[in-house]
Amino acid sequence: MKTGNVLDPGALPRSKVKHNVYKDEIKTYISNYLGKNYYTYESPDKLNWKIDNNSISTIGGYKCYKAIVEAGGKKFVAWFTYDIPISDGPYKFRGLPGLILKLNEINNYINFELISVNKKSLPIEQKKGITVTKDQYLLKRKEYVNDPYQGKVNNPEYRKMVEENKRKYNNSLE
């Protein structure tokens, strides 16, 4: 506002990801509302990256290098830059010798791409939910997908909507 620029949040790209990710120096925590409860689990995934320094691309003005990893039964291609020596990226993806600026699932079902880079120093607080293991979280998510209203509605139209949503939203990151 001081510079005369006005940001319209409605014009920003919208994510279809509904969960929150919090990272400290070592651990990654993933949280999500499943029905009325908010659950948090520590991501146990250790990512074993394969870096290809011969594949180079430019993203957001940064020289990037290709890396490949398998996570959650899916194969991902990441493009990271040594120019920003922060070992981080979108969602739970981290562990490369530079910031991940672009990441996609090999079939392009899941895509993350840099919009801009701004250096800020702001405290980030983790919103904690009910602490569960990853397996407990996946079980709760399956229960929620099978019955989003948790037994409150049970008619043919509702059952049809649940089945359609299961087919439509069946490609989660986990």
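Select Trp49 first. In this predicted model, tryptophan 49 touches Ala67, Ile68, Val69, Ala78, Phe93, Arg94, Gly95, Leu96, Ile100 and Leu103, with residues up to four places away in sequence not counted. Contact means heavy atoms within 4.5 Å.

Residues are numbered from 1 along each chain as its sequence is written. Local features need pLDDT of at least 70 and side-chain atom pairs count only at pLDDT 80 or more, while totals for chains, interfaces and linings use all residues; side-chain values use heavy atoms, with hydrogens and water left out.

Buried means under 20% relative accessible area, exposed over 50%, and partly exposed in between, with a 1.4 Å probe and protein chains only.

**The five-stranded sheet**

Show β4 to β8 as a cartoon. These five strands form an open sheet in the order β4-β5-β6-β7-β8, with antiparallel pairing. The edge strands β4 and β8 (111-113) each pair on one side only. Neighbouring strands of this sheet are turned by 30° against each other on average, direction ignored. Axes are lines fitted to C-alpha atoms, for helices over the stretch in contact, and angles run from 0 to 180 degrees between N-to-C directions.

Zoom in on β4 (residues 50-59) and β5, which run antiparallel and are joined by seven bridges. Two strands pair if DSSP finds at least two bridges between them. Threonine 58 stands opposite lysine 63 in β5, and isoleucine 59 has tyrosine 62 of β5 as its bridge partner. The hairpin of β4 and β5 has two residues between the strands, and glycine 60 takes a positive phi near 60° there.

**Threonine 81**

Next, select threonine 81, in strand β6. Is this residue buried or exposed? Threonine 81 has 0% relative accessibility, so it counts as buried. A polar atom of its side chain lies 3.0 Å from the backbone oxygen of lysine 63. The side chain of threonine 81 also reaches the backbone nitrogen of aspartate 83 at 3.0 Å. A polar contact is a pair of N or O atoms within 3.5 Å; within protein, one must be able to donate a hydrogen and the other to accept it, and residues adjacent in sequence count only if both atoms are side-chain atoms. Not counting residues up to four places away in sequence, threonine 81 touches Tyr62, Lys63, Cys64, Gly98, Leu99 and Leu101.

**Glutamate 105**

Move to glutamate 105, in strand β7. Glutamate 105 counts as buried because its relative accessibility is 5%. Its side chain reaches the backbone nitrogen of asparagine 107 at 3.0 Å. Leaving aside neighbours within four places in sequence, glutamate 105 is in contact with Lys74, Lys75, Phe76 and Ile110. Draw a distance between the C-alpha atoms of glutamate 105 and lysine 74: they are separated by 6.8 Å, at 31 residues apart along the chain.

**The four-stranded sheet**

Select β1, β2, β3 and β9, which form an open sheet in the order β1-β2-β3-β9 with mixed pairing. β1 (20-23) and β9 (130-131) stand at the edges with a single partner strand each, so one side of each has no neighbour in the sheet. Four bridges join β1 to β2, and these strands run antiparallel. Valine 21 has isoleucine 30 in β2 as its bridge partner.

**The whole chain**

Zoom out. The chain has two helices and nine strands, in the sequence pattern β-β-β-β-β-β-β-β-β-α-α. Of its 174 residues, 30% are buried. Among contacts with a separation of 6 or more, 46% are between residues 24 or more positions apart.
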